Amino acid sequence: MPDGTTPLLLRQDSESGVTRLTLNRPDSRNSLSFAMLGALLHALEEIAQDPAVRVVVLAAAGPVFCAGHDLREITAHRNDEDEGRGFYAAAMQRCAAVMQAIVALPQPVIAEVQGIATAAGCQLVASCDLALASESARFCTPGVDIGLFCSTPAVALSRAVAAKPALEMLLTGAMVPAAEAQRIGLINRVVPAAELTEATMAMAAQIAARSAHTVRLGKAAFHRQRSLPLDQAYAHCAAVMTDNLLAADAAEGIGAFLAKRSPVWQDR
């Protein structure tokens, strides 16, 4: 485990505008302790205000991507005067805040899944905008196996995949291999383990090369319209596209396309 000086979360910024956040508790299977959730939330809040960041990659150190909540920490709080209720409520609220911060983040977030992602770890992958996984990665929501249904992971999972495959994962706790996770829409792509970081960074670079203003506008509109009835979704996105058409980068991009030249983005 980290010795108190080792960061729980590593941040690496690049000149291209791609920021890598790496879960750094490999000895604890990168479990989402209360402190780890706090570190994630703080980093996301900082990134949301950083115009230099165009895309975020969420990765993990060691062989496991994320094993979900820290069950040792949860068990220790059963000795609290309230039998852990206060801590559990705070932990669930903080976890929900992290997942919502990923969705609300102006920049796209790509999960780079090198190994197993279980329970809230699977929730973390489902919350990201995009996800690439190695051929050996596997996914599950196994709370039902230990008498703890994965109700909060179900929120993200049910928004990433269809109801029946989501419920099959939640009700059986079965491990889903990467190829099946791609088939049901939990991840975008499966690549050989040796090529995972290269493939993830290539996708991130492709997005980072676009107008940051356009990408941020589009991500926000996409997530907003999903919660609306069809007529309201069209009304909302029509208004967004109207504003987008009036933006400097839309004028530049359309002009560059018609002139058969590369656009020069102003990110506004």
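## Ground rules

The model is predicted: local features need pLDDT of at least 70, side-chain atom pairs count only at pLDDT 80 or more, and totals for chains, interfaces and linings use all residues. Residues are numbered from 1 along each chain as its sequence is written, and side-chain values use heavy atoms, with hydrogens and water left out.

## Overall build

The protein has 11 helices and 10 strands. Both are DSSP runs, numbered from the N terminus: helices are H or I with at least four residues, strands are E with at least two. The radius of gyration is 20 Å, close to the 18 Å that the globule rule gives for 268 residues, so the protein is as compact as a globular protein of that length. This radius is taken over C-alpha atoms, and the rule is 2.2 Å times the number of residues to the power 0.38.

Of the 268 residues, 44% are buried. Buried means under 20% relative accessible area, with a 1.4 Å probe and protein chains only.

## The largest pocket

Rolling a probe the size of a water molecule over the atoms shows where empty space is left. A pocket is an open set of points on a 1 Å grid over the protein atoms alone, where a 1.4 Å probe fits, with protein on both sides within 12 Å along at least five of seven lines; lining residues have an atom within 4 Å of a point. Volume is the space filled by probe spheres set on the points, which are joined across faces, edges and corners.

The largest pocket has a volume of about 800 Å³. It has 30 lining residues, and His69, Leu71, Ile74, Ile146 and Leu148 are the closest to its centre. Helix 2 (71-76) gives the largest share of this lining, four residues.

## The second largest pocket

This pocket holds about 670 Å³ of space. Its lining has 27 residues; Val103, Ala126, Ser127, Ala156 and Arg159 lie nearest its centre. Helix 3 gives the most to this lining, with six residues.

## A buried serine

Where is Ser33 found? Ser33 sits in the loop between strand 2 (18-23) and helix 1 (34-48). Ser33 counts as buried because its relative accessibility is 5%. Leaving aside neighbours within four places in sequence, Ser33 is in contact with Arg25, Asp70 and Glu73. Contact means heavy atoms within 4.5 Å.

How values were computed. Buried means under 20% relative accessible area, exposed over 50%, partly exposed in between (1.4 Å probe, protein chains only).
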